[in-house]
Amino acid sequence: MRYKIALLLIIFIFCDVGSRAQNFHKYIFVSPTGNDTALGTIENPLASFEGAQKIVRKFKNENENIPVTVYFRGGKYYRTQSVVFKPADGGTKLAPVKYSAFPGEEPLILGGKKLNLKWRKFKDGIYKAKVPEGVIFESLFVNDEEQVLARYPNYNPDIRIFNGTAEDCISKEKVQSWKNPKDGYFHVIHKSMWGGFHFRILGKKSNDELIMEGGWQNNRPENGIHDKLRYVENIFEELDTAREWYLDRDKNILYFKPAKGVDLKNANIEIAYLENFIKVLGTEKEPVKYLTFDGFHFNRTIRTFMKCKDKLLRSDWAIYRGGALFFEGTENCSIENCEFNQIGGNAVFMNSYNRNSSVKGCHIYDIGANAICFVGDTSAVRNPKFVPYGPPVSDEELDLTPGPKNNKYPSGCSAENNLIHDFGKVEKQVAGVQISMAAFITVSHNSIYDCPRAGINVSEGAWGGHIIEFNDVFNTVLETSDHGSFNSWGRDRFWMAGNSKTEARVEASRELIMLDFLAPTIIRNNRMRCDHGWDIDLDDGSSYYHIYNNLCLKNGIKLREGYYRRVENNICVNNALHPHVWLRNNNDVVRGNIFGSRLSPVRIDYWGTEFDYNWYMNKTDLEDAKTLGVAQNSKSGDPFFVDAENGDFRVQNKSELFGLGWKNFPMDKFGVQKEELKKMAKQPEIPAIITVLKTKYGAYSFYGGEMKNIETDGEVSATGMHDKTGVLVVEMPIYGNIVDFGLRKGDVILKVNNMIVKDVNFFLKRKNLFENRDNVKSITVWRNQVEIILR
């Protein structure tokens, strides 16, 4: 209290127009109870961004060299339109402009409206109320809790994909049961689980067939949509459970089935109404400079998934160039210590020309699409193509000029010290940090988890120079497949679908590889875990990477075809490198890593410039590597980790690893370091070190039989599973009490008793589980695409 009183006195003095201190700093005040005709002092505050903006502009015109801080007092600020900041609203290095939360208070910026409704009973626990004409919304909040747009199947927080899916959601029988499904939505996962698609229902073609538009949200439509992982929403007949609602747009009637205990007469009813809070708009010639937003809580914007149409070159992505905060044409601008939640689309989007602008110390969660995006303009790309496996850049059209065509791309920007989680709530081709057509982006000390696809994604090689460091990325790829906690593509100018074509082109003119790179991308000092893909996944064509000092906790590092990748001093716990279809003369180097399993090559004829001096924790894995000709100087044995059980994978001084050039790296610097956010951040599960002998098929000994994790899309398909959860029985057990349960080859073990079996670690941690007949009463397995219980 004494601190706050003292601070108020200091600020009051600094705001006194007659004070000498005013010559050194200008302070302006805004309050929910203010008035935009006021002076903007602490006693007579303004009411809005626009009110403060006018005063700032006038003051800066006359006092260019004096810094300005606009303090927003705590409370709710309802916004129904975006505020636009232009070059005249910025500052200079010595005299920046800052819009900031008043110390110790939280200004809540709400992109919505309150509704004052008169409720009447309808039927079956459903109430209805008239809403103002023309008010259309798709997000409803009751007492600050978001409700569920009427859907089929019903929302289930315990179901990982879409919170519930139904194969029959647009079946003839379903469609027949809907009187007027217009303005409903059909959401569906990509057939290969590479993101998702969204369709708006326009009406019925016949009694049992829909008319729809959409499906442009993914850049790999040729594979089609999933036949099972799908749901529909915003359909009146599906309003059948607590917390669901539906708006009849033609009659302006809201239908709602409240949860038990909700008193609608006294409930606070609000809707999301706004797409964007703030736009900072400049140009390369006239940028907005040195403008900061600090300490705001941005809450509630509308969904934008039907606007997600912009193809990001030959990556798998489409994107909507918009966000709750949108920067274009900025230099040295920043978003600091802000909170974003209940955002319908992207949270932060830096589009086209931006230099040295940043997002720091923010908490970003409950986001419909991406958290932070750095995306350039396709006009800056030489030879842009937009179909991943379509016609490549032909020899005749190939532009041999290195680098970008213009400066319309983010460069030198950063995402640092942020806590990012629970994004991609609606869209599924998303990332915590998305980088496309950008250069020298730093992604550092972020904790990123609980998301449907990658935590960090780089869409192509243009234009490299990124530094990805000290991040903690886990619980990723939860609703999709064939991806990683870090993911990249590299379908750049040189790349052609088919290794022989790329090899022929590159061998005729090797400098083609580097045309789109300004510098290598560095991935270092990160902790990554992906249970449904790879910890680090460099996909098609990804080139010019230096990957070192990373702790990979689950599924190792995948390198598909590419050039100039250097992978060294990484730890792959219970896993190793996954080289896929490498190119001839690729100049790859893989050395000095710790591998906890055998290598997993797929169609490999060339092993790079150097592949050796690695440490294999299991002797059999080293022997396998030797048969491949990539382990002449490699060794095996116990690496002597300091405290692997508690996540400290540094090696002790007695380890022979140092003889291979090993260098320890810090194990306590991963993720967000801002104290307030660090306390909130989740931590990844640290796996037990697997020392059980693996067979050459990647399986583990199991009471005379063999078991393994479901690791490939082929295994998912063969078993009929929806994901890679569970343990696959490769060969039936032949001794011990487990034999009595009647397991069969091909079964997927899902539960023992009522304990969920995620992977083989379940059994490796419970080696004596079946020693006593009374320990296990039941085993739940997936067999012939049906879940059954064995007793």
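The legends below describe close-up views of one predicted model.

The model is predicted, and in it local features need pLDDT of at least 70 and side-chain atom pairs count only at pLDDT 80 or more, whereas totals for chains, interfaces and linings use all residues. Residues are numbered from 1 along each chain as its sequence is written, and side-chain values use heavy atoms, with hydrogens and water left out.

**View A. An open sheet of 5 strands with mixed pairing.** The strands follow the order β8-β9-β19-β18-β12; strands (E, at least two residues) and helices (H or I, at least four) are DSSP runs numbered from the N terminus, and two strands pair if DSSP finds at least two bridges between them. β8 (120-123) and β12 (148-149) stand at the edges with a single partner strand each, so one side of each has no neighbour in the sheet. β12 runs parallel to β18 (residues 244-248), to which 2 bridges join it, and L149 has W245 of β18 as its bridge partner.

View B. Of the 26 lining residues, E146, Q147, Y155, K425 and V426 are the closest to the centre of the pocket. The elements that give two or more residues to the lining are β11 (145-146), β12, β17 (225-233) and β32 (363-367). The lining divides into 10 nonpolar, 7 polar and 9 charged residues, with Ala, Val, Leu, Ile, Met, Phe, Trp, Tyr, Cys and Pro counted as nonpolar, Asp, Glu, Lys and Arg as charged, and the others, Gly among them, as polar.

**View C. Strand β32 and its parallel partners β29 and β36.** In β32, 4 of the 5 residues are buried, a word that here means under 20% relative accessible area, with exposed meaning over 50% and partly exposed in between (1.4 Å probe, protein chains only). Strand β29 (residues 339-341) is joined to β32 by 2 bridges, and F340 stands opposite I364 of β32. Strand β36 (residues 419-423) is joined to β32 by 4 bridges, with L419 of β36 as the bridge partner of H363.

**View D. Salt bridges around R220, R491 and R382.** The structure holds 49 salt bridges, each a side-chain nitrogen of Lys or Arg within 4 Å of a carboxyl oxygen of Asp or Glu. R220, which is buried at 7% relative accessible area, forms a salt bridge with E222, the closest N and O atoms being 2.8 Å apart. The side chains of R491 and D316 also meet in a salt bridge (2.8 Å, N to O). Because R491 lies in the loop between β44 (484-488) and α4 (499-508) and D316 in the loop between β25 (310-311) and β26 (318-319), this pair ties together parts that are 175 residues apart in sequence. R491 is buried, at 6% relative accessibility, and D316 is buried, with a relative accessible area of 3%. R382 forms a salt bridge with D399, with 3.2 Å between the closest N and O atoms, and both residues lie in the loop between β33 (372-375) and β34 (410-411), 17 residues apart. R382 is buried at 13%, whereas D399 is partly exposed at 22%. Salt bridges that share partners join R220, E222, D316, D482, R491, D537, D539, D540, K558, R560 and E561 into one network.

**View E. Cysteines in a structure that holds 0 disulfides.** A disulfide is a pair of cysteine sulfur atoms within 2.5 Å. For C333, the nearest cysteine sulfur is that of C413, 9.7 Å away, and C333 is buried at 1% relative accessibility. The sulfur of C362 is 4.9 Å from the closest cysteine sulfur, in C338, and this is too far for a bond; C362 is buried, at 0% relative accessibility.

**View F. Cis peptide bonds at Y152 and P153 and at A462 and W463.** Most peptide bonds are trans. The cis bond that joins Y152 and P153 has an omega of about -5 degrees, and P153 is found in the loop between β13 (151-152) and α3 (172-176). The cis bond that joins A462 and W463 has an omega of about 5 degrees, and W463 is found in strand β41 (residues 463-464).

Technical notes: On a 1 Å grid over the protein atoms alone, a cavity is a set of points where a 1.4 Å probe fits but cannot get out, and a pocket is an open set with protein on both sides within 12 Å along at least five of seven lines; lining residues have an atom within 4 Å of a point.
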